[in-house]
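Student: I would like to learn how to read the interfaces in a model like this one. Could we take them one at a time?

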Amino acid sequence: MGRRDFRPFLAPAEDFRSVNSNVGDPSEEQNVSSTLERPPRRTARLDQVVVRFAGDSGDGMQVTGDRFTTGSALFGNDLATLPNFPAEIRAPAGTLAGVSAFQVHIADHDITTPGDNPTVLVAMNPAALRANVGDLASGGTVILNSDAFDERALDKAGYASDPRSDGSMAAFAVYEVKMTSLTLEAVKPVGAKPRDAERSKNFFALGLISWLFSRPIEPTLAWIAERYAARPGVVEANTLAFKAGWNFGETAELFESAYEVPASKLDPGTYTNVTGNTALAWGLIAASVRSGLPLFLGSYPITPASDLLHELAKHKQFGVRTFQAEDEIAGAGAALGAAFGGSLAVTTTSGPGVDLKSETIGLAVSLELPLIVVDVQRGGPSTGLPTKTEQADLLHAMYGRHGEAPVPIIAAKTPAHCFEAAIEAARLAVTYRTPVFLLTDGYLANGSEPWRLPDVESLPVIQPDLAVAPNHVGPDGEEEFWPYLRDETTLARPWAVPGTAGLEHRIGGLEKSDGAGDVSYDPANHERMVRLRAAKIAGIAEAIPSLEVDDPDGAGLLMLGWGSTYGTIVAAARSLRAQGLRVARAHLMHLNPFPANLGEVLGRYAKVLIPEVNLGQLSRLVRAEYLIDAVSLTKVQGTPFKVSEIEEAAMLLLKEIEQ
Amino acid sequence: MTNVMSAPTTSRKDWATDQEVRWCPGCGDYSILAAMQFLLPELGVQRENTVFVSGIGCAARFPYYMNTYGMHSIHGRAPAIATGLAISRPDLDVWVVSGDGDALSIGGNHLLHALRRNVNITILMFNNQIYGLTKGQFSPTSEVGKITKSSPFGSLDRPFNPLSVAIGAEATFVARTHDMDRKHMMETFRRAHDHQGAAFVEIFQNCNVFNDGAFEHLTGRDQRAEMLIPLRHGEPIRFGADNQRGVVMGRDGTLELVDVASVGESALLIHDETRPDPGLAFLLSRLSGGVDRPTPIGVFRDVEVPDYGTLMASQLEEVRRRKGEGDLAALLRSGITWEVDGRSPTAAPGEG
């Protein structure tokens, strides 16, 4: 294929700023490592770009995407990522089922989503192209590994004709690069077998894209050296492949120019790039430090929550005890046992694990002990889509237990927000002596964003307020400990841990008498206890912040979201406003109880739109609770909403309001 | 668990609660409760450091009657809950009270893994070979052919031998006692309590309502001498009213019951609780079964293996020694970090 102009990228729908792509405008030389050739180069400025790397699940696309992300973070861009990989570790090579992709959106300004449509697609084989090209923005760029486009591979991917020559990609700028053979040539000095040498081709691709977008190269070279330190041959091969990719961009004159996405004007501070799972694990450690309670995790491996177990297992210097249990039930059970003993107890899982833990969560409701239950939601029902995202466990968290068993529910809205959400879950669990659901999802868990690190001293302090003395005088004048004598304000019961002399007591799943906590089958007492437990959870509404509404123009339409739809809804609101439309938006972190002002907020708007990656679960709760005619926007494809999808739904409602 | 030997500072009544005991009159559970309440003062342990955790079933009401910390939890889950408590609080004495249905049916998995990990808990399994609280269905230890409400034509289930299960999981302490002999129970519980690691004790317990006399052929006053084989560490394994019978290793690798006179005392198997390999203890457990077969009683196995909670605590200490006490600010900076100064959009890479 002949040389074509490298055309400007389209801006993703979230942002209507003009694309500043001064192609041909020479700019300063980049600071490239001295080991690389440095001919004068031309760069053009872009304010944002969305790149998707796609290949076989064994091709190292997640690593490639992750390194590109880190390089961009260090460069100072704002960014958001969307990893997308199959459940199989190594699905058959070259098939659509085995395609693994990583999308990253980098910008010189504040962004909130990984982008609706990639503007650049790197495809390592025909299957990767076929599975992803449909998402590519019109006018976008395809960079493909032409070595992988033989007849057999095309056939495996289901192509009847070669897409490179059949005209099907006429709308895109297509660049063919012989990545495999160039990699093999580059790593020849290492002397590895071709099969092994070929494995470095993802670093060739990374080098090429790093050149194309003027990313700093030193962090990647340093990372390669550290990551593969145990295998010097691999360090050398990956380094050579990476540099070969970079130099290819520099010298091949395939591309008109390199591009630059300038650093974003972020708030001053120290930043790091975190995934939701890492931020959540750190939030739990922070809650342990800020409460003085030792952290205990009872867990069982499950996608996409296992990284929480992995991360917490690394940090034993904080006194973190991680217990990999025999099953989900034991993970929750052990955590509850540790809670009885005075630990900040956590169990982490995904939907199928919640099914199994439900019995223990019900016991925790009855025992009134603090327990944090983290559900990293994934596509269901049953095993469903283990590696794909969904928000369909809200009603499960809300109602998934027998009997009247209310629990507070908190949902994180962005990867970094998982940190704050974990601390808030711990605060509610400890303050109210209750199990708390903390909902995230696969998108938040594996997605990442730059995070301005908080001042540790500014984090909330959690008061365990453990019982140390008897709290009641018996009829004989003797001091006693009543485990179910409640705090008048919070209705929380005292938490007396074993080892405290004089406070020995028995608790269990049988109904207890109000106050004394003895087993009681008295009908009136049961009703009182059911209502007390409900009132305790409902009362949390008084201790959480009011719902804030972003409504600069006095809109008639409110977009109400929860969880990981945050970034998309924010982007949709910005886009609509940029078009002169008035729209309000609010995002719920607390889903049970709702903030006290939610009813009043909802009443202010003619229309309420609730986008959710499920079949309308929050919408159902809101309609039931507030008797308003909320409009549900739903999607269950294992992927987040696109900004355009929310915009379109909002525009329809705006038209209805006008009429 | 450590045994502090000192003069008792508590008495039986200190360990009893004011709750009315609600087992059926005549239930074997009463004598087990009494044995425990008599024993604890002798152990010199403190009420506030003692926790009883149970699941569901008749036996699981036990914690309500002990004036200690206690949790009556959910069916089968007591070993899991006790694991969390014991490994997060190695300073406590944690007892698990369970039954044959609770421990071996619905909670079988948790039992196996608590034993495998050697968690420092003492598990008492009341075996009455029946579901009592649900009013009389066959249990995982009921004999084949048992007629119950849920098996009107006879149970088809092959029963578990609880000790074979425990020894198969390589439990580090395994013993058996029965509800008709308080002294034997107290001695067995004491040994189990003294063991550091997971201890499993099967207690033959009579359910006089739904399975009365299930162990009468073994534990009845007139039967015991001929039907119970007392295991004593370091001694030849003998039994019978006149110690006339014994246990030898047969040529096919199984154990045989013999008349001592016919083989000579030197041929008898010497009981060794401390053998690291569980094979012989497993063979001893296989002697049980059927109404006419004598069954061993006492401590089958008592080996020293580091317990899980201690290992976990040492690992925490070791990491702390290596990395220093956790520093939250440093944790947040443990990945790649960069500074944004607010004036220039250029960011400088740096490692935190």
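Student: How many residue pairs are in polar contact between chain A and chain B?

Tutor: A polar contact is a pair of N or O atoms within 3.5 Å, where within protein one must be able to donate a hydrogen and the other to accept it, and residues adjacent in sequence count only if both atoms are side-chain atoms. Between chain A and chain B the count is 29 residue pairs, both residues at pLDDT 80 or more. This is a predicted model, in which local features need pLDDT of at least 70 and side-chain atom pairs count only at pLDDT 80 or more, while totals for chains, interfaces and linings use all residues. Residues are numbered from 1 along each chain as its sequence is written, chains are lettered from A and ligands numbered from 1 in the order in which they are written, and side-chain values use heavy atoms, with hydrogens and water left out.

Student: Which element of chain A gives the largest share of the side that touches chain B?

Tutor: Helices (H or I, at least four residues) and strands (E, at least two) are DSSP runs, numbered from the N terminus. Several of them each supply at least two residues of the side of chain A that touches chain B, including helix 1 (61-75), helix 9 (276-291) and strand 19 (506-508). The largest share, eight residues, comes from helix 11 of chain A.

Student: How many salt bridges does the rule find across the interface of chain A and chain B?

Tutor: A salt bridge is a side-chain nitrogen of Lys or Arg within 4 Å of a carboxyl oxygen of Asp or Glu. The rule finds three across this interface, and the side chains of B:Arg117 and A:Glu326 meet in a salt bridge at 2.8 Å, N to O.

Student: How much area do chain A and chain B bury between them?

Tutor: The size of an interface is often given as the accessible area lost when the parts come together. Here buried area is the accessible area (1.4 Å probe) that two parts lose on being put together, summed over both. Chain A and chain B bury about 5600 Å² between them, 64% of it on carbon and sulfur atoms. A:Gln317, A:Arg321 and A:Arg506 supply 13% of the area that chain A buries against chain B, more than any other three residues.

Student: Which strand of chain B is joined to strand 19 of chain A?

Tutor: Two strands pair if DSSP finds at least two bridges between them. Strand 19 of chain A and strand 2 (residues 69-72) of chain B run parallel and are joined by three bridges, and the bridge partner of A:Ile507 in strand 2 is B:Met71.

Student: Within chain A, how many residues of domain 2 are in contact with domain 3?

Tutor: Domain bounds come from an automatic or database domain assignment, and that assignment places domain 2 of chain A at 271-458 and domain 3 at 465-543. With contact taken as heavy atoms within 4.5 Å, 24 residues of domain 2 of chain A touch 25 residues of domain 3. These two domains bury about 2000 Å² between them; A:Glu368, A:Tyr432 and A:Arg433 supply 35% of the area that domain 2 buries against domain 3, more than any other three residues. The count between these domains is two salt bridges, and A:Arg486 and A:Glu368 meet in a salt bridge at 2.7 Å, N to O.

Student: And in chain B, how many salt bridges lie across the interface of domain 1 and domain 2?

Tutor: The rule finds zero there, although seven residue pairs, both at pLDDT 80 or more, are in polar contact. Domain 1 and domain 2 of chain B bury about 440 Å² between them, 55% of it on carbon and sulfur atoms.
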